[in-house]
Amino acid sequence: MRPDGRRRDLWLYLGVAYAGMWLAMLPLLVTGYRRGDAREATGALAEVCIAVAMFAPALGAVVAVRYGRRGGGRVWEALALRWPRPWGRAVRECLTAAAVPAGLTVAALALGALAGRYPVGELDAGSVTGWLAGGSVGLVVSLPLFFGEELGWQGYLFPRLLRDGHRTRPLRAYLLTGAAFALWHLPTLIMGGQYPGRSWYVSVPAMVVSCTLVLPVFTWLRLRSGSVVPAVVAHAFVSSLSVGMVKEFADPDAALDPLHMGLTGWPGWIVMAAFVAFLARTGRLRPVDAAGAGTGVGARASGPVVPDRL
């Protein structure tokens with residue numbers, strides 16, 4: 001991609017999103033923070049740094065829309081920050097956004113258990129219900145942070161990469177957005193964030209695979225609703241409750257390796273690849289065109305997927 005006027009908005013977005021992530025993680029990097037175990041709790045400083053970093057993609061998206069090659073315009077409309085209509089549909093879309101990653105996580109854990117890599121513990125209905133209630137409250141509270149990410153990835157970057165002049169290139173958009181999404185996490189990967197105890201040359205490729213496979217799931221929710229809100233809910237579930245399920249359902253005395261369990265490991269890759277293949281085969285990943293008409297589930301979106309101000 002040439003850094004000319006046609007790409008200015010794209011480079012603005014990537015520059016702000018990546019610089020924001022590295023700057024937010026700087027206090028942890030300079031103090032030598034390292035996460036060595038999947039059960040290790042995150043400290044207060046790390047929580048603050050992560051929260052700040054998660055707003056960097058949204059800031060990059062706003063900067064790109066406002067000061068990019070066309071500038072101005074309705075920022076929130078351009079980033080699809082709207083509720084699906086009517087309200088009943090909005091509720092259904094958000095419930096779907098939670099149910100789908102929940103089902104994928106359960107399938108991944110079951111596959112890992114069958115392969116002898118996931119140590120399932122004794123499950124008590126009461127404790128699981130209590131954990132689920134608490135985790136659901138935590139998910140709702142954390143939603144603003146995930147708006148910070150998805151306004152960038154699903155609100156701006158994917159639609160921006162989808163269009164190249166008058167051509168629509170969905171495969172390129174999926175792959176490049178997935179790679180950019182994964183590599184944005186590089187500072188946390190270096191510190192063992194998503195794959196504690198693993199070297200960067202293992203965790204970085206693993207993260208690229210995970211993000212490239214989960215991205216179409218988020219995008220499908222974005223396409224069918226015409227809004228980033230369901231993608232935000234799904235992302236929040238994957239990053240909080242899904243990770244929590246791995247710990248909650250496991251033997252409390254067993255070591256946990258995210259590379260071999262959950263959605264971030266090979267069982268999750270298999271499950272997500274199968275689901276993405278189903279979405280693609282049934283036309284559910286086809287984008288809506290600039291006039292709001294399209295094929296597959298995306299045709300029922302409440303507005304154009306490609307931002308009209310970019």
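A residue is called buried here when its relative accessible area is under 20%, exposed when over 50%, and partly exposed in between, with a 1.4 Å probe and protein chains only. The model is predicted, so local features need pLDDT of at least 70 and side-chain atom pairs count only at pLDDT 80 or more, whereas totals for chains, interfaces and linings use all residues. Residues are numbered from 1 along each chain as its sequence is written, and side-chain values use heavy atoms, with hydrogens and water left out.

Helices are DSSP runs of H or I with at least four residues, numbered from the N terminus. The 28 residues of α5 should span 40 Å at 1.5 Å a residue, which agrees with the 41 Å between its end C-alpha atoms; the expected span is 1.5 Å times one less than the number of residues. Among the buried residues of α5 are R89, E93, L104 and G112. The cover over the buried residues of α5 includes α9, α10, α11 and α12 (266-281). After α5 comes G116, with a positive phi near 80°.

Because its relative accessibility is 1%, A80 counts as buried. Most residues other than glycine have a negative phi, and most peptide bonds are trans.

Beyond its neighbours within four places in sequence, Y13 is in contact (heavy atoms within 4.5 Å) with residues including P57, W153, Y156 and L157.

Helix α9 has 26 residues and should span 38 Å at 1.5 Å a residue, which agrees with the 36 Å between its end C-alpha atoms. Just after α9, G226 takes a positive phi of about 70°.

Note on methods:
Helices (H or I, at least four residues) and strands (E, at least two) are DSSP runs, numbered from the N terminus.
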